[in-house]
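Good morning, colleagues. Please take a moment with the sequence and the structure before I turn to the aromatic rings.

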Amino acid sequence: MTMNFGHQGDKLVWSTTEPQMHVCMQGSRTVGFVVRVEGGFIAFDNDSNPLGRFQRWRAAKQSVETIPARRSIL
């Protein structure tokens, strides 16, 4: 079952692809994903590079959502 979590304004869509894995998409492009682990969450970019370990879903999600902003200023 796929569950979508909004962000319609910035066109980022979160889907639950597995029980403990959430993927962020922008159109047909994968932005990154978050995996739930014991004691928190680990966020990854679209190349599976870890972005960090977080205690809260919101912080892990935000780290993935800000990847395009960080890359656009490089």
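Predicted model: local features only at pLDDT ≥ 70, side-chain atom pairs only at ≥ 80, totals over all residues.

Does Phe 33 count as buried or exposed? Its relative accessibility is 13%, and Phe 33 therefore counts as buried, since the cut-off for that class is under 20%.

Let me now present the aromatic pairs, of which the structure holds three. Trp 14 is buried, at 0% relative accessibility, whereas Trp 57, at 24%, is partly exposed.

I come next to the partner of Phe 33. The ring centres of Phe 33 and Phe 44 lie 4.8 Å apart and their planes stand at 15°, so this pair is stacked. Because Phe 33 sits in strand E4, residues 29–37, and Phe 44 in strand E5, the pair ties together parts that are 11 residues apart in sequence. Phe 44 also counts as buried, with a relative accessibility of 17%.

Ring pairs also join Trp 14, Phe 41 and Trp 57 into a cluster.

Finally, I turn to the backbone. Ser 48 is found in the loop between strand E5, residues 40–45, and strand E6, residues 50–54. Its phi is near 70°, a positive value in a residue other than glycine. Ser 48 is partly exposed, with a relative accessible area of 44%.

Conventions. Residues numbered from 1 in each chain as written. Heavy atoms only, no water. Helix = DSSP H or I, 4+ residues; strand = E, 2+ residues; numbered from the N terminus. Buried < 20%, exposed > 50% of the residue type's maximum accessible area, 1.4 Å probe, protein only. Phe/Tyr/Trp six-rings, centres within 6.5 Å; stacked < 30°, edge-to-face > 60°.
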